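Open the model in your viewer and keep the selection tool at hand. Each stop below gives a selection and what to look for there.

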Amino acid sequence: MIDLYTWSTPNGRKVSIALEELQLPYTVHPIDIGKGDQFTPEFVAICPNSKIPAIVDQAGPDRKPFALFESGAILLYLSYKTGKLLPRDPAEQFRVMQWLMFQMGGVGPMFGQVHHFVRAAKEPVPYAIERYSKETRRLYGVLNTHLDRQQYLGSEYSIADVATYPWVARHEWHRVDLADFPAVMRWFDEIGERPAVKAGMAVPPVAK
Ligand SMILES: N[C@@H](CCC(=O)N[C@@H](CS)C(=O)NCC(=O)O)C(=O)O
């Protein structure tokens with residue numbers, strides 16, 4: 001059994017989608033980051049960075065409880081644990097990791113900055129909105145060119161797609177019309193039909 005510490009955000013939903021895809025039993029522990037649950041000593045003991053998601057695999061390596069934070073590391077751990085959502089071929093594995101890192105270092109941070117400056121900033125900061133929106137559109141262009149050539153980010157459906165989907169699902173928040181990026185829209189619509197993706201996107205069952 002895996003304990004999942006999460007909230008209704010793209011980073012949290014990457015892990016719930018993966019757990020659903022892998023059909024691993026898990027218990028959801030909602031961490032309300034709006035109320036500051038991420039700073040409690042109990043949560044900090046699991047995630048010293050005070051951010052969701054985090055997991056504790058009660059049957060970790062050596063059959064001992066194993067705590068892990070950072071969504072990219074968690075996705076890789078779950079793939080290694082099950083041998084799924086990652087191609088077997090070493091070169092193809094690294095291509096998946098390349099797109100996973102692209103999500104972790106580009107898509108997540110840049111889209112997230114647009115969300116912050118458009119929806120949460122205490123005062124309008126046009127320079128920041130312009131800077132992060134421009135970079136967000138550039139990243140969509142990179143995704144679109146790639147997905148125009150192949151069905152998924154890697155050679156098969158993988159943790160790279162799982163990591164990127166919940167961020168693209170917030171396209172209205174970062175003011176991107178998917179019609180401008182037709183290959184991304186095709187990929188997004190296809191993945192969104194997967195039952196595990198629908199289930200993972202509904203975790204935890206709270207307001208968006
Ligand atoms: N690189 C981290 C980012 C995690 C992250 O930014 N989590 C956000 C929610 S999506 C959070 O917990 N924010 C609470 C805070 O910053 O206090 C990961 O991918 O796991």
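Predicted model: local features only at pLDDT ≥ 70, side-chain atom pairs only at ≥ 80, totals over all residues.

**Stop 1: the ligand**

The set is Thr-9, Asn-11, Ile-33, Gln-38, Phe-39, Lys-51, Ile-52, Pro-53, Glu-70, Ser-71 and Met-104.

Now pick out the polar side chains. Which atom of the ligand lies 2.7 Å from a polar side-chain atom of Gln-38? It is an oxygen atom. Move to Lys-51: a polar atom of its side chain is 2.6 Å from a ligand oxygen. Then take Glu-70, where an N or O atom of the side chain sits 2.8 Å from a nitrogen atom of the ligand. On its own, the ligand has 510 Å² of accessible area, and the protein covers 75% of it.

**Stop 2: cis peptide bonds**

The peptide bond from Ile-52 to Pro-53 is cis, with omega near 5 degrees. Pro-53 belongs to the loop that runs between helix H2 (41–46) and strand E3 (54–57).

Next, select Val-203 and Pro-204. A cis peptide bond joins these two as well, with omega about -10 degrees. Pro-204 is in the segment after helix H8 (195–201).

**Stop 3**

Select Asp-62. Where is Asp-62? Look in the loop between E3 and strand E4 (66–69).

**Stop 4: H5 against H7**

Select helix H5 (residues 126–149) and helix H7 (residues 182–192). Their axes come within 7 Å and cross at roughly 75 degrees. The two helices are therefore roughly perpendicular to each other. From H5, the contact uses Tyr-140, Leu-143, Asn-144, Leu-147 and Asp-148. From H7, the residues are Pro-182, Ala-183, Val-184, Arg-186 and Trp-187. How many residues of this contact are nonpolar, polar and charged? They divide into 7 nonpolar, 1 polar and 2 charged.

**Stop 5: H6 against H7**

H6 brings Asp-161, Thr-164, Tyr-165 and Val-168 to the contact. H7 brings Val-184, Trp-187, Phe-188, Ile-191 and Gly-192. This contact divides into 6 nonpolar, 2 polar and 1 charged.

To finish, select Val-184 and Trp-187 of H7. Both take part in the contact with H5, and both take part in the contact with H6.

Notes. Residues numbered from 1 in each chain as written. Heavy atoms only, no water. Axes fitted to C-alpha atoms, helices over the stretch in contact; angles between N-to-C directions. Helix = DSSP H or I, 4+ residues; strand = E, 2+ residues; numbered from the N terminus. Parallel < 35°, antiparallel > 145°, perpendicular 65-115°, else oblique. Contact = heavy atoms within 4.5 Å. Nonpolar A, V, L, I, M, F, W, Y, C, P; charged D, E, K, R; others polar. Near = heavy atom within 4 Å. Polar contact = N/O pair within 3.5 Å; in protein donor to acceptor, adjacent residues only side chain to side chain. Areas by Shrake-Rupley, 256 points an atom, 1.4 Å probe, with all protein chains shown as cover.
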